[in-house]
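Reader: I am new to this structure. Can you show me how to read its features, one at a time?

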Amino acid sequence: QLSPVRSSVMSQTPPIVSVLPTRGLVDEKFKVLVENLPPGRPVTVRSLHHSDNGHYWEAFGFYTSDHRGTVNVSKDQSVGGTYTGKEPMGLLWSMCPVPGSHKGLRLRKLNMCSPMLVNISVHSGHEGFRDGAPLASVLVERWYMAPGVKRIDVQEKGLLGTLFLPPGPGPFPGILDLWGGGGGLVEYRSALLASHGFATMSLDYLSCGQPVFTYVETAFNFIKDHPQVIADRVGVVGLCLGSLPALYLAADSTVVKVVKQITSPLLLVSGCDDQNWPSFETAEDINQTMRAAGNDHLLSRLDYPDSGHLIEPPFSPHFRASTFVTTNKRKAMILWGGKTKPHSDAQEDSWRKILSFLQQHLCCSLNAKL
């Protein structure tokens with residue numbers, strides 16, 4: 001039991017919420033600690049983000065302070081909210097649009113030169129917490145670009161892309177980053193890969209007005225020949241439709257002959273509840289084709305149960321469905337699949353293994369030579 005003096009001092013000290021680190025990369029974990037609460041007090045810990053396209057996103061967990069008047073989000077159990085249980089990063093991966101928002105929204109960072117600002121706050125009680133002022137709050141910066149990463153617009157050789165260079169003189173291993181059927185320039189994964197030491201170019205390959213495979217070959221050669229890139233240490237990352245030109249480059253062949261002629265290491269990441277594309281079945285077909293060709297030793301697979309189509313960097317919110325704008329500007333509601341918790345776990349696990357795969361095959365042999 002607390003002494004009367006100790007209890008009196010605590011009752012006069014306002015609650016505080018601290019986040020460590022307050023500034024970091026989006027794939028970096030943080031710790032959220034609330035202190036100076038009365039013991040046994042029900043509180044809500046909430047995150048709130050105003051996205052680049054003007055929408056508000058939130059996540060929240062219901063907690064009860066311990067005998068010291070603290071809530072440690074990394075160790076304590078949330079008994080309700082947008083996530084439950086001990087979830088250190090639930091305040092990010094369980095984000096969803098605030099009540100009253102448009103349906104079908106998807107959270108994506110548009111400006112890589114600014115951070116994702118997240119307000120972490122603590123509120124009294126578990127019901128109606130949005131109606132009152134928070135007991136305490138702190139603003140957190142989440143960056144896709146690490147300090148020193150350079151962003152360069154690419155408009156050479158008919159290309160439309162963005163090159164991100166890691167800090168330092170280089171040269172660096174390179175990556176061509178290919179996104180899906182929505183088209184346009186999607187930069188955030190490229191910026192994050194550059195933050196981990198890879199010179200990475202995101203490419204708009206659907207509005208190029210050229211044959212796609214020829215266009216991505218031009219982009220691949222552009223990266224390979226860049227003075228700050230190691231010519232024989234260039235990889236390709238593809239998601240959704242982008243996996244097709246990625247496989248083409250890996251096989252150096254036509255679509256009809258793809259996978260049989262692969263001579264480079266290949267990592268396939270599949271969501272087993274993908275409702276947009278038969279990802280798992282496609283991975284099985286590739287596996288069988290490579291086994292028949294005698295090169296299945298080059299293949300690594302990550303298959304995630306209850307995960308959907310959009311396996312993105314860690315702590316990104318999960319979207320079972322969202323509005324999709326096609327290259328001819330038509331809107332549709334697309335079902336991606338997945339369940340929030342297992343999908344989020346898959347994003348965290350796969351990102352760590354993707355980075356390890358890239359470092360192993362683009363960096364390790366280079367370090368051995370050095």
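Reader: How many bridges join strand 8 to strand 9?
Author: Start with the general idea. Strands of a sheet pair through backbone hydrogen bonds, either parallel or antiparallel. Now the case here, in a predicted model. Strand 8 and strand 9 (residues 136–143) are joined by 7 bridges and run antiparallel. Across this pairing, Leu 117 faces Glu 141 of strand 9.

Reader: Which residues make up strand 8, and how does strand 4 pair with it?
Author: Strand 8 covers residues 116–124, and strand 4 covers residues 42–50. They pair in the antiparallel sense, over 7 bridges. Take Arg 46: its bridge partner in strand 8 is Ser 121.

Reader: In what order do the 3 strands of the open sheet come?
Author: The order is 1-3-6, and the pairing is antiparallel. Strand 1 (16–20) and strand 6 (71–72) are the edge strands. Each has a single partner strand, so one side of each has no neighbour in the sheet.

Reader: Over how many bridges do strand 1 and strand 3 pair?
Author: They pair over 5 bridges, in the antiparallel sense. Strand 3 spans residues 31–35.

Reader: Where is Cys 240 found, and why does it count as partly exposed?
Author: Find the loop between strand 14 (229–238) and helix 5; Cys 240 is there. For exposure, read the relative accessible area. Under 20% is buried, over 50% is exposed, and partly exposed lies in between. Cys 240 has 28%, so it is partly exposed.

Reader: Which residues make the nonpolar surface patch?
Author: Leu 206, Leu 241 and Leu 244 make it, and its area is about 220 Å². Follow Leu 244 next. Leu 244 sits in helix 5, residues 243–251.

Reader: Is Leu 244 buried, partly exposed or exposed?
Author: Use the cut-offs again. Leu 244 has 44% relative accessibility, so it counts as partly exposed.

Definitions and conventions:
Residues numbered from 1 in each chain as written. Predicted model: local features only at pLDDT ≥ 70, side-chain atom pairs only at ≥ 80, totals over all residues. Heavy atoms only, no water. Patch = residues over 30% accessible without salt bridge, like charges linked within 9 Å, V, L, I, M, F, W, Y side chains within 5 Å. Areas by Shrake-Rupley, 256 points an atom, 1.4 Å probe, with all protein chains shown as cover. Salt bridge = Lys/Arg side-chain N within 4 Å of Asp/Glu carboxyl O. Helix = DSSP H or I, 4+ residues; strand = E, 2+ residues; numbered from the N terminus. Buried < 20%, exposed > 50% of the residue type's maximum accessible area, 1.4 Å probe, protein only. Pairing = 2+ DSSP bridges.
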